[in-house]
Amino acid sequence: LHKAHITPDLVFVMIHLPHSFMHLFDNHLITANYLRKYYHLRTGTNRSGRQRSSSLVTEKLKQMQAFFGLKVTGKVDADTLTLMRQPRCGVPDVAPYALGERTLRWEHTHLTYRLENYTPDLPRADVDSAIDRAFQLWSNASALTFTRVFEGQADIMISFVRGDHNDNNPFGGPGNIIAHAFPPGGGIGGDVHFDEDKRWTKDFRNFNLYHVAAHEVGHSLGLMHDGDIESLMFSSYNYYGDNLLTQRDIDAIQALYGPSKNPIQPRERQVPQACESKLTFDAITEIRGELYFFKNRFFLRTRPFYKTGELGAITDFWVPLSRGVDAAYEVASRDEVFFFKGKASGMRQGYPKDIYHSLGFPHTVKSIDAAVHEEETGKTYFFVASKYWRYDENTRSMDTGFPKEIAHGFPGIGKKVDAVFQERGFFYFFRGKRQYKFDPHTKRILTILNINSWFNCRNK
């Protein structure tokens, strides 16, 4: 799936899945480079060096997997490699040996910053705005204040650079580093460097400058990386369309510099928790035998025989879907997955396509609430408000006589559907915090389930 531009149209996305999500890289080299740079992996060179090296790699892998909330195996599995390949900040995830448990902070709370040069990717006014807003974000949450200066030395110097830029942290080497910053201190301390070989934007495409700047300024103020995927200080690049701080971010900066006189509210948590009682879903679909439960800009994934509810960011797999998913379904016989998002991304050539010309929806339909494909009949059901449509995947046309009321075709489900998928001939409907197991042949609800039933949760 290629990156797409935003248009105000209602569109849908079709993805023809490749045979593997993973590229054919040297996994051992990727792992060693990643662990050396971000987890201070050091290998021995004595007679037992090979054994010691293997043991250290396993230890560091476990440390990395625990930090990111992955399954701790000490082995290079697919999820670990996927995360290693993601664009990220160049600052290590663990404190350097020289620092130990020591915390670095500025001794004064009024700091200066200076922008040394500009990227040609954006108008200067947009760059100025992104940098200024990044500092404002942190001053709103703490006792810190910032002043921009235009000449001389500032506490925090900001620049766009390429390759080796004389700080012993070159860009363009192993890994997909987009920027880095130095902790508080003299000389280079506090400075922020952006990789000019990356493409900087003010929207969801490529790398959002405001988002990255806000993250790097956090390092300039003394913050380390946070393993919470929703935190602004999460090390991998995940842009979700806003830059509000989480409570963890606010607590961290206030622990260093004290609270703001005008306290701000933390961002409402967007990350789904598999076993939370108030969990709801935006869309659900099976993809090659694995179930994906979409919520906001994230998904929970279950695999055959494993109901762990592994968390992931949608952009890790599908970049143009950074704003989330309204509905999704798989046509397994064609190895295709369709995603729907109202007023989201769209291009007029290929996919994404609008749902009006491609599927035959009337223009009164502004979004798709849920969708499910029935493999045995080749029919796909679309749910919009209190009605549903039926589409024939073989003839690529909408069946006549639709839409119909959900209450007529699926009695007992209610007047609205949040998400639905098919499993072993049964439909599983999700509405609010309830889940209904439905038999499409007898048109009966077989049982009402807890919404968390697909995960290993206590007190289900």
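Biologist: Hi! Which residues touch the most other members in the largest nonpolar core?
Modeller: Those are I131, W138, I158, F194, W200 and L221, out of 43 residues in that core. By nonpolar core I mean a set of buried Ala, Val, Leu, Ile, Met, Phe, Trp, Tyr and Cys residues joined through side-chain atoms within 4.5 Å; buried is under 20% relative accessible area, exposed over 50%, partly exposed in between (1.4 Å probe, protein chains only).

Biologist: Which element gives the most to this core?
Modeller: Helix 4, with seven residues. Helices (H or I, at least four residues) and strands (E, at least two) are DSSP runs, numbered from the N terminus.

Biologist: Before we go on, what kind of model is this?
Modeller: It is a predicted model, where local features need pLDDT of at least 70, side-chain atom pairs count only at pLDDT 80 or more, and totals for chains, interfaces and linings use all residues. Residues are numbered from 1 along each chain as its sequence is written, and side-chain values use heavy atoms, with hydrogens and water left out.

Biologist: Thanks. What does I131 touch?
Modeller: Not counting residues up to four places away in sequence, I131 touches Y113, L115, I158, F194 and A213. Contact here means heavy atoms within 4.5 Å.

Biologist: And the sheet, what is its strand order?
Modeller: The order is 2-6-7-5-3-4, an open sheet of six strands with mixed pairing. Two strands pair if DSSP finds at least two bridges between them.

Biologist: Which strands stand at the edges?
Modeller: Strand 2 (88-89) and strand 4 (145-148); each has a single partner strand, so one side of each is left without a neighbour in the sheet. Strand 4 pairs with strand 3 in the parallel sense over four bridges, and L111 stands opposite F146 in strand 4.

Biologist: How does helix 4 run relative to strand 3?
Modeller: At about 165 degrees, and helix 4 lies across strand 3, strand 4, strand 5 and strand 7. Axes are lines fitted to C-alpha atoms, for helices over the stretch in contact, and angles run from 0 to 180 degrees between N-to-C directions.

Biologist: New topic: which residues does the UniProt "binding site" annotation cover?
Modeller: The unreviewed entry lists I284, A328, A371 and V420. They are spread over 137 residues of sequence but cluster in space, with a largest C-alpha distance of 8.9 Å. UniProt positions are in the numbering used here, feature names are shortened, and annotations may be inferred rather than shown by experiment.

Biologist: Is A371 buried or exposed?
Modeller: A371 counts as buried because its relative accessibility is 2%. Its contacts include A328 and V420.
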